[in-house]
Amino acid sequence: MSLFGLFGKKQPPFDPTEGDPNVAPGLGLIQAGDGAALGALYAGLPPADRVHFIDSVGLLSEIAAPLPPLDSHPAMPAIHGGLCYVWAHRLRGNATADLTSDGQFMDMAEMAFHAQDLLARASQQTPGDSALHAFRIRAIMLTGGEDGVFEEICAGLKATGEANLLAEMARLNYLTAKWHGSHEEMYGVADAAAADPANAAFLSLPARAWIEEWLYETGMNDVREEQEAFRTRRYSEDFRAEIAALDDRFHALLVDLPAPSQVERQFAHNSFAMLFHLNRDKARLKAHLEAIGSTPTGMPWGYIFGENVPKKLNKLRKSVGLAQF
């Protein structure tokens with residue numbers, strides 16, 4: 001037996017930037033202390049790409065790393081605030097509350113409240129930036145907020161006039177049953193965004209809403225009648241026809257509407273791919289896996305694959321006849 005047969009095939013690493021080409025330059029500008037260039041880079045990105053940029057830079061940078069001065073560019077309060085939110089989330093960790101220490105919660109809260117202060121300043125300085133409102137929503141999910149704060153932030157988001165897929169995802173997530181809403185409220189966000197979409201990627205929000213419903217009904221809800229109602233709907237022909245029609249409309253609008261940004265496109269294909277994986281439609285799954293290529297997103301795949309997204313996704317690719325990456 002060959003010695004090499006004793007070892008498993010080397011698995012592809014997960015790209016924490018999820019293919020975002022702006023992250024490396026952004027990290028370099030932070031290291032160089034060039035706030036003017038960093039702010040210009042951020043401000044020049046499409047709306048959802050701004051959110052993704054901050055998410056990735058925050059994930060890859062040192063927590064509480066020195067940042068360029070707030071007055072070096074009008075967008076710097078939004079950048080500071082967004083990064084502090086991501087750092088707060090990292091300080092908390094991803095474990096359930098019973099496995100998270102008091103120290104982690106305290107560190108998270110301190111950073112999250114600092115993020116909120118910075119984002120409040122940003123909302124006055126650059127109110128037309130929809131990305132900062134996405135981070136405001138996420139921040140109050142970590143710390144809680146007074147009555148009416150969520151609605152106030154959503155009003156600010158709407159007033160920007162920007163169609164921001166990831167800001168809508170933040171609203172959707174806030175209104176999930178596991179957080180502060182219900183399935184009905186969550187689908188209200190998704191369906192409204194898909195009814196008159198800025199581009200095809202917004203049709204993936206109903207797919208993400210269903211994934212959130214699946215997560216809740218299969219792992220969090222202990223009301224048997226509601227679990228059974230979900231299963232009945234999930235395996236019905238009407239539901240299969242509904243998601244097939246959504247997918248068909250998505251592909252049609254890729255041609256008929258303005259092209260999604262790179263971030264929006266990856267978000268959409270990963271969301272649809274998981275939808276069709278969970279519902280065992282290999283033909284539709286294959287099309288989206290092919291579009292994803294070698295840069296999957298950590299979510300929603302993390303719900304089922306944990307930290308092994310590239311390895312597990314390669315198995316899915318093989319199962320539908322695609323080459324592994």
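Q: In this predicted model, which helix gives the most residues to the negative patch?
A: The negative surface patch is formed by Asp191, Glu237, Asp238 and Glu242. With 3 residues, the helix that gives the most to this patch is the one spanning residues 237-256, namely H12.

Q: Is aspartate 191 buried, partly exposed or exposed?
A: Aspartate 191, one of the residues that form the negative surface patch, is found in helix H9, which covers residues 183-195. Its relative accessible area is 42%. Because buried means under 20% and exposed means over 50%, with the remaining class in between, aspartate 191 is partly exposed.

Q: Which side chain of opposite charge is nearest to aspartate 49, and how far away is it?
A: Aspartate 49 is found in helix H3, residues 47-60, and, not counting residues up to four places away in sequence, it touches Asp20, Ser261, Gln262 and Val263. Although aspartate 49 is buried, it has no salt bridge. A salt bridge would require a side-chain nitrogen of Lys or Arg within 4 Å of a carboxyl oxygen, whereas the nearest side chain of opposite charge is arginine 50, at 8.2 Å.

Q: What is the separation between the C-alpha atoms of alanine 268 and isoleucine 292?
A: Alanine 268 lies in helix H13, made up of residues 262-278, and is buried, with a relative accessible area of 1%. Leaving aside neighbours within four places in sequence, alanine 268 is in contact with Ala201, Ser204 and Phe250. Isoleucine 292 is 24 residues from alanine 268 along the chain, and their C-alpha atoms are separated by 9.3 Å.

How values were computed. Residues are numbered from 1 along each chain as its sequence is written. This is a predicted model: local features need pLDDT of at least 70, side-chain atom pairs count only at pLDDT 80 or more; totals for chains, interfaces and linings use all residues. Side-chain values use heavy atoms; hydrogens and water are left out. Patches are made of residues with over 30% relative accessible area and no salt bridge: like charges are joined within 9 Å, nonpolar side chains (Val, Leu, Ile, Met, Phe, Trp, Tyr) within 5 Å. Accessible areas come from the Shrake-Rupley method with a 1.4 Å probe; for residues, only the protein chains shown count as cover. Lys and Arg count as positive and Asp and Glu as negative; His and the chain ends are not counted. The place of a charge is taken as NZ of Lys, CZ of Arg, CG of Asp or CD of Glu. Helices (H or I, at least four residues) and strands (E, at least two) are DSSP runs, numbered from the N terminus. Buried means under 20% relative accessible area, exposed over 50%, partly exposed in between (1.4 Å probe, protein chains only). Contact means heavy atoms within 4.5 Å.
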